[in-house]
Amino acid sequence: MTGTFRRTVTAIAAALCAAAAAALPGAGPATAAEQPYPTKAEAQWIDRDTVVWKGAPDPAGGTLQLEAGPDGDRRLRLTPGALTPAERAKYPHLKDFPAFTVDAGDRGEAATALRDRLVATRRAADGSLRETTGVQIPGVLDDLYGAAASKERLGPVFDHGRPTLAVWAPTARTVALELAGRTVPMTRDDRTGVWSVRGERDWTGKPYRYAVTVFAPAAGRTVTNKVTDPYATGLTADSAYSLVTDLADPRLAPRGWDRLTKPAAVPLRDARIQELHVRDFSIADRTSKHPGRYLAFTDRSSAGMKHLRALARTGTTHVHLLPAFDLGTVPEKRADQAVPDCDLAAYPPDSEKQQECVARTAAKDAFNWGYDPLHYTVPEGSYASDPDGTARTVEFRRMVQGLNGAGLRTVMDVVYNHTVAGGQDPKSVLDRIVPGYYHRLLDDGTVATSTCCSNTAPEHTMMGKLVVDSIVTWAKQYKVDGFRFDLMGHHPKANILAVRKALDALTPAKDGVDGKSIVLYGEGWNFGEVADDARFVQATQKNMAGTGIATFDDRSRDAIRGGGPFDADPRVQGFASGLYTDPNSSPANGTRDEQKARLLHYQDLIKVGLTGGLADYTFTDSAGRTVKGSQVDYNGAPAGYAAAPGDALAYADAHDNETLYDALAYKLPQGTKAADRARMQVLAMATATLSQGPALSQAGSDLLRSKSLDRNSFDSGDWFNALHWNCADGNGFGRGLPPAADNKDKWPYARPLLADPALRPGCDAITAASAAYRDLTRIRATEPDFGLATTDEVQRALSFPLSGAGETPGVITMRLGRLVVVLNATPEQQRQTVPAAAGAPYALHPVQARGADPVVRTAAYDRGTGTFTVPARTVAVFTRG
């Protein structure tokens, strides 16, 4: 994810001057309207009765009021008051600020005042202006309009072929529709704040935008913004105009769309997910007829689609697409897309030149991860054969068909927590229609940017409605099978539950889709201005437990890889990267005793992960204590937080941070052979694949995918990001030093690795890793004990019989029903004796016994002693006959 705010020196200077003028008591004109608009908005009008004013001045000997209008002639008087219990519960972050009551006789002015320049002021007894600040208005807008407006249908709504266009703009003075070169007036509903106009049949397919005349605090004046529809269902190229698009029009349905047969639904706890990017999936695939496009997923004979079908046959259930809604950072017309002007392949594998060349065109090339939302409910145009018109709609649907036909359900990565821009920026849509509403404002009125960009505020009624309405549209009109919420912890839990409720109401008979089969998961991180439920109950890891909506489990991820994503030294080792058992030379790993202690604790974290991250699962930890998952420490937080399998999503790598292969390249001793690196890759992936609950893997990880050690490839172009399905093309390692912006501090570690030809695996290692991984996914898919539904079932079926003070560092042994799984991360063969298994007829699982890995086939079991012998760097699954 990325976002950049650029301000000119002139704009900064003007803001400083305005702030200085506003701060001078008794200075300047007598009316607030004659002063520059305040740079801060420390007053918050939270409902029609109440204003909270941080640092409010003492009104003694004067008056506090809201002043509206070009001359400030409409004044709403404020008297000291207190927040009600309901207000304190709704706005916990404001509970310690002074509160004021709007005079009962003035409350009728609220709706009119909100449609004009609005400030809060303190005036002296003689009427002279002493202090002024801007006013935050989301709370009062929700109070006045939210209940009614939330029931309205917005955007283009069709009735027997005739569209009605509707936009919520309660603070606008006027709204007009600009349609295909002519201007059409719109009518305001004073109850909802919605402006609408009913059109004719021939409006369908025509470009439009809204001309919204509104006071914009960012501009300090009333402006007329020409802006696209936030509820748009179609767009012209580069999002210049919305299109009047009826998604139910049969002409936009690919052949067979109404009869689309989906792969059988699985519960979220059984989902095995491949995460990929629409462009990097096929852009380097010479066998694809549509490289970099939606239609690449219809190329049944391409190498990429053949690989996805092979994964589907062995247990992969879903493909998770990185953002494919309309983004603001990629030129949609191919003629406008820049390409590096260097012979990138000619440079040495550890050169700085590749990243220099890629960086010069990155801002205008065709690649970006896409965490830069412009329009939430329209497919991105750069992936379509033609970004103008409705090809993007048809081809997105064909992509879903292609994936479903390959045996895979489709998940969309959605980013409702921020927008690519705010204020009066040309790429700001929401804020130019209702300024100051859709984004989360800090106490001084500035927009929060903790997510990278302009944070949205789904706690506000109409932003929360936009999230729900948009998701339902993707589910109904595009038959998307799941949604992954970016930075879900910045959403209220109530908002995500509202999404779940809306999806659950969709039925095949009524809507053409089974909403209850749609899976939901997201990033439940806890940070920023909303951290620790500061503003609302967040959709974080701990809060989403028990909802059936999963959150990413970083506990086992860090234990598998070692260290954390932000280590200064990337060589910090973990369970699957040789900690203690195959140490590298990094002093960051500590002494031998420290390494052993950390490794054993990592093994406890992984055990909790194998249970599905269950909080109440009880086991013996590496110190010999009986503990619950919630009592195992993860950086001061409980390792186990899930109420049931399905609450925590296991993974060893994703698009963020280094790929798994690159992490292991840093962490394993440099002299580790390619075959052994491949084995450690499979072992790392197995800890997620063989867990209870859902699991995700970055596409290509089974093929040892590398991004040449790039830890943040969001804008690193095709050169660093492209998937290579043909092993003869390598795995992406050694394509130059990764881009300096996010990696330069790691270059001293990266150079010797990238220059080492032994770290560029050949076909033997790549194909062996992929085949071994598919064997494990097949076992996971065919053994029902990997998909248990409750904590009690897991407690009864799953155990770690050799855990305790004497357990083997680098080895985890798990019993699961009739299975025994041994994960041997050490470079030596290991024997694990389970006395309770003695006499039972265990044997290597048939899938592995007949599988692709000759090494695992040497695993053995001694029935007399209950001893399982497992080769080095191997995951072996045994089954009782």
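Biologist: In this predicted model, which residue of β7 is the bridge partner of Q44?
Modeller: Q136 is the bridge partner of Q44 in β7.

Biologist: In what order do the seven strands close into a barrel?
Modeller: The order is β1-β2-β5-β4-β3-β6-β7, with mixed pairing. From one strand to the next, the twist averages 35°.

Biologist: Why is strand β20 called mostly covered?
Modeller: Buried means under 20% relative accessible area. In β20 (residues 373-379), seven of seven residues are buried, so each of these seven falls under 20%.

Biologist: How do you know that β19 and β20 pair?
Modeller: Three bridges join strand β19 (residues 325-327) to β20, and pairing needs at least two, so they pair. The two strands run antiparallel, and L327 has P373 as its bridge partner in β20.

Biologist: Which strands does β25 pair with?
Modeller: Strand β24 (residues 482-485) pairs with β25 in the parallel sense over four bridges, with F485 opposite G522. Two bridges join β25 to strand β26 (residues 550-552), also running parallel, and Y521 stands opposite A550.

Biologist: Which residues of β25 point one way, and which the other?
Modeller: V519 and Y521 point one way, L520 and G522 the other, and all are buried.

Terms used:
Residues are numbered from 1 along each chain as its sequence is written. This is a predicted model: local features need pLDDT of at least 70, side-chain atom pairs count only at pLDDT 80 or more; totals for chains, interfaces and linings use all residues. Side-chain values use heavy atoms; hydrogens and water are left out. Buried means under 20% relative accessible area, exposed over 50%, partly exposed in between (1.4 Å probe, protein chains only). Axes are lines fitted to C-alpha atoms, for helices over the stretch in contact, and angles run from 0 to 180 degrees between N-to-C directions.
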